[in-house]
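Here's a quick tour of the charged side-chain pairs in this protein. Have the sequence and the 3D view open as you read.

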Amino acid sequence: GPALSGSQPVPRRPQVPPEFAGRPLYEYPQHLREAIADLPACPGVYVFHGEEGDLPLYIGKSIHLRNRVLSHLRNADEARMLRQTRRISHIRTAGEIGALLLEARMIKQQQPLLNQKLRRNRQLCSLRVDADGMPQVVYAHEVNFATEPHLYGLYASRHAALDGLRALADAQRLCNGALGLERLTPGKPCFRAMVKLCAGVCSGQESPQAHRTRLFTALQGLQVACWPYPGAMGLVEHWSGPPGELRQIHVVRNWCYLGSVDDLAQARQLDSLAAGFDADGYQILCKPILQGLVEMVAL
């Protein structure tokens with residue numbers, strides 16, 4: 001009510017949200033506790049901003065923004081990040097996929113200090129088997145991974161791709177010599193054959209055809225799926241509930257996220273953007289799209 005005549009208004013003490021009840025609040029700045037009052041209980045992306053030029057310290061996503069940010073405020077291990085944080089902002093999305101796509105894009109664009117760096121497409125590589133059955137490392141800047149068939153695995157570097165091939169050889173008793181991972185001495189088996197870790201294609205105990213068949217069987221689980229549409233598509237997500245209904249069309253081509261819009265006319269404008277293969281988009285979208293778990297509309 002109104003202040004009594006002749007007295008100063010008593011400053012209202014911010015209410016502690018029920019999520020904090022009975023929990024230690026550590027030494028976190030009061031303004032951060034107040035900031036969570038504006039956070040909705042819906043999907044989206046949140047940003048912890050630091051002092052210098054409002055730079056992003058950390059970008060995260062959740063299907064429940066309020067609870068996720070509260071979990072940071074309850075975590076003593078993250079006290080250092082919270083001491084550096086001046087404000088918390090958020091962007092709503094209509095669902096989990098939209099939150100995942102937006103988070104990946106924002107981390108790549110803004111390079112927050114405390115996020116792990118996402119994959120750079122420039123170095124991204126995969127394995128492709130040549131006509132002689134020899135795996136070769138190919139790079140995303142040379143080959144279109146969205147349309148090139150018979151690629152296996154997504155790796156951050158040539159070194160990582162070769163390590164992946166070695167792990168496959170170990171698991172399946174494949175020959176490092178036949179895979180090009182070890183130089184063979186003519187007439188001698190590979191080193192691993194001598195310790196029974198290779199099935200013996202290098203010493204005639206296994207036919208080259210049988211070795212090749214086992215290699216392809218082992219690679220099947222790593223196969224990179226081609227983009228299954230002739231062009232861009234809209235992935236539709238709906239949110240109904242507080243703080244209000246939201247419908248988004250996430251525009252995707254070649255596993256690359258181009259942006260989110262409200263209607264098809266805007267979506268078709270986004271379709272004109274360049275869309276090279278994106279490893280993070282692929283990881284997020286491959287299963288829901290190929291398994292028919294999401295609503296897709298042609299643009």
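Is Glu-206 buried or exposed? With a relative accessibility of 11%, Glu-206 counts as buried, because the cut-off for that label is under 20%. Keep in mind that you're looking at a predicted model. Across the whole structure, a search turns up nine salt bridges, and a few of them are picked out below.

**Glu-206 and its partner**
- Glu-206 pairs up with Arg-214 in a salt bridge, and their closest N and O atoms are 2.6 Å apart.
- Arg-214 is partly exposed, at a relative accessible area of 24%, whereas Glu-206 is buried.

**Asp-54 and Arg-87**
- Asp-54 makes a salt bridge with Arg-87, with 2.6 Å between the closest N and O atoms.
- Asp-54 sits in the loop between β1 (44-49) and β2 (56-62), while Arg-87 belongs to strand β3 (residues 87-92), so this pair ties together parts that are 33 residues apart in sequence.
- Both ends are partly exposed: Asp-54 has a relative accessible area of 30%, and Arg-87 comes in at 39%.

**The group around Lys-108**
- Lys-108 and Asp-278 meet through their side chains in a salt bridge, at 2.8 Å from N to O.
- That pair links distant parts of the chain, 170 residues apart: Lys-108 is in helix α4 (residues 96-110), and Asp-278 is in the loop between α8 (264-270) and α9 (279-290).
- Asp-278 counts as buried, with 11% relative accessibility.
- Asp-280 joins in too, as Lys-108, Asp-278 and Asp-280 are linked in a network of salt bridges.

How values were computed
Residues are numbered from 1 along each chain as its sequence is written. This is a predicted model: local features need pLDDT of at least 70, side-chain atom pairs count only at pLDDT 80 or more; totals for chains, interfaces and linings use all residues. Side-chain values use heavy atoms; hydrogens and water are left out. A salt bridge is a side-chain nitrogen of Lys or Arg within 4 Å of a carboxyl oxygen of Asp or Glu. Helices (H or I, at least four residues) and strands (E, at least two) are DSSP runs, numbered from the N terminus. Buried means under 20% relative accessible area, exposed over 50%, partly exposed in between (1.4 Å probe, protein chains only).
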